[in-house]
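Have a look at it first.

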Amino acid sequence: AAGYEVAVTPQVSEAMRLITDFKPNLVIVDLMLKDGNGFDLISEIRGTKGFKKLPVIVLSNLGQDSDISEAKKRGANKYFVKSDTKFQDIEKQIEKMI
């Protein structure tokens, strides 16, 4: 509805293929994925040539300080806890980052 073209997958392996094929302007990552975790996906994004500066937003149910710290350490630009976040806050952040 906001005018963005979106690709969605619950799998780390598929996410990297989509990122490589579509070269998005921004990635939103959940930390709990079917075949791995978002921490590993963030690391893989940051380790892939051409995507080191790709904006990454984490949107997760995991809200512990250790989860937030680990995601940022691996290269997440912004972290939102689902239960504490309004959709409008995410939209505003997306607009800032792209």
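What follows covers the fold, the surface and the nonpolar cores.

## About the model

This is a predicted model: local features need pLDDT of at least 70 and side-chain atom pairs count only at pLDDT 80 or more, while totals for chains, interfaces and linings use all residues. Residues are numbered from 1 along each chain as its sequence is written, and side-chain values use heavy atoms, leaving out hydrogens and water.

## Fold and overall shape

The chain has four helices and five strands, in the order α-β-β-β-α-β-α-β-α from the N terminus. Helices (H or I, at least four residues) and strands (E, at least two) are DSSP runs, numbered from the N terminus.

Along the principal axes, the C-alpha atoms fill a box of roughly 30 × 30 × 25 Å. As for contacts (heavy atoms within 4.5 Å), 53% of those with a separation of 6 or more link residues 24 or more positions apart.

## What's inside

Of the 98 residues, 35% are buried, meaning under 20% relative accessible area with a 1.4 Å probe, protein chains only. A nonpolar core is a set of buried Ala, Val, Leu, Ile, Met, Phe, Trp, Tyr and Cys residues joined through side-chain atoms within 4.5 Å. The largest one has 20 residues, and those with the most contacts inside it are Ile-19, Leu-41, Ile-42, Ile-45, Val-58 and Ala-71. Two or more residues each come from helix H1 (12–22), strand E1 (27–29), helix H2 (38–46), strand E4 (56–60) and strand E5 (78–81).

Beyond its neighbours within four places in sequence, Ala-71 touches Phe-39, Ile-42, Val-58, Ala-76 and Tyr-79. There's also a second, separate core of five residues, including Ile-57, Phe-80, Ile-90 and Ile-94.

Key: Buried < 20%, exposed > 50% of the residue type's maximum accessible area, 1.4 Å probe, protein only.
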